[in-house]
Amino acid sequence: FVKRTEYQLLTADSDTGEVSLLTESGETKDDLNLPTLVKVGEPTEDDKKVTAEILESVEKGTDIFVIVQAACGEEKIIQTKTTSG
């Protein structure tokens with residue numbers, strides 16, 4: 001099964017690659033990294049684009065949500081979504 005979950009981004013550190021997310025229940029999720037930190041191979045163009053969007057929103061202080069895809073015991077941020085308003 002492939003599961004997609006949306007989380008609000010709290011912080012992202014461009015130096016360490018660490019990301020802090022807010023779950024629906026109000027708890028923090030700190031076990032993910034920016035998409036460009038890959039375990040195997042090289043980051044894709046999409047990974048680079050999503051990482052840039054995340055870091056830009058953190059820099060500007062904009063609220064942003066990330067879409068996390070989970071499959072085969074692995075989780076990865078695959079997309080961003082900004083809130084209007």
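# Charged side chains and salt bridges

E53 is partly exposed, at 26% relative accessibility. This is a predicted model. A search of the whole structure finds 8 salt bridges. Side chains of opposite charge can pair when their charged atoms come close.

**Salt bridge K49–E53**
- E53 meets K49 in a salt bridge, at 3.4 Å from N to O.
- K49 and E53 sit 4 residues apart in helix α1, so about one helical turn separates them.
- K49 has a relative accessible area of 51%, so K49 counts as exposed because the cut-off is over 50%.

**Salt bridge K48–E45**
- The closest N and O atoms of K48 and E45 are 3.7 Å apart, and the two residues form a salt bridge.
- Both residues belong to helix α1, which covers residues 45-60.
- K48 and E45 are 3 residues apart, about one turn of the helix.
- K48 is partly exposed at 41% relative accessibility, whereas E45 is exposed at 60%.

**Salt bridge E56–K60**
- E56 pairs with K60 in a salt bridge, with 3.2 Å between the closest N and O atoms.
- K60 is exposed, with a relative accessible area of 62%.
- E56 is partly exposed, at 45% relative accessibility.
- E56 and K60 are 4 residues apart in helix α1, or about one helical turn.

**A salt-bridge network**

**A negative surface patch**
- D13, D15, E18 and D30 form a negative surface patch.
- E18, one of these residues, lies in strand β2, which covers residues 18-22.

Key
Residues are numbered from 1 along each chain as its sequence is written. This is a predicted model: local features need pLDDT of at least 70, side-chain atom pairs count only at pLDDT 80 or more; totals for chains, interfaces and linings use all residues. Side-chain values use heavy atoms; hydrogens and water are left out. Patches are made of residues with over 30% relative accessible area and no salt bridge: like charges are joined within 9 Å, nonpolar side chains (Val, Leu, Ile, Met, Phe, Trp, Tyr) within 5 Å. Accessible areas come from the Shrake-Rupley method with a 1.4 Å probe; for residues, only the protein chains shown count as cover. A salt bridge is a side-chain nitrogen of Lys or Arg within 4 Å of a carboxyl oxygen of Asp or Glu. Lys and Arg count as positive and Asp and Glu as negative; His and the chain ends are not counted. The place of a charge is taken as NZ of Lys, CZ of Arg, CG of Asp or CD of Glu. Helices (H or I, at least four residues) and strands (E, at least two) are DSSP runs, numbered from the N terminus. Buried means under 20% relative accessible area, exposed over 50%, partly exposed in between (1.4 Å probe, protein chains only).
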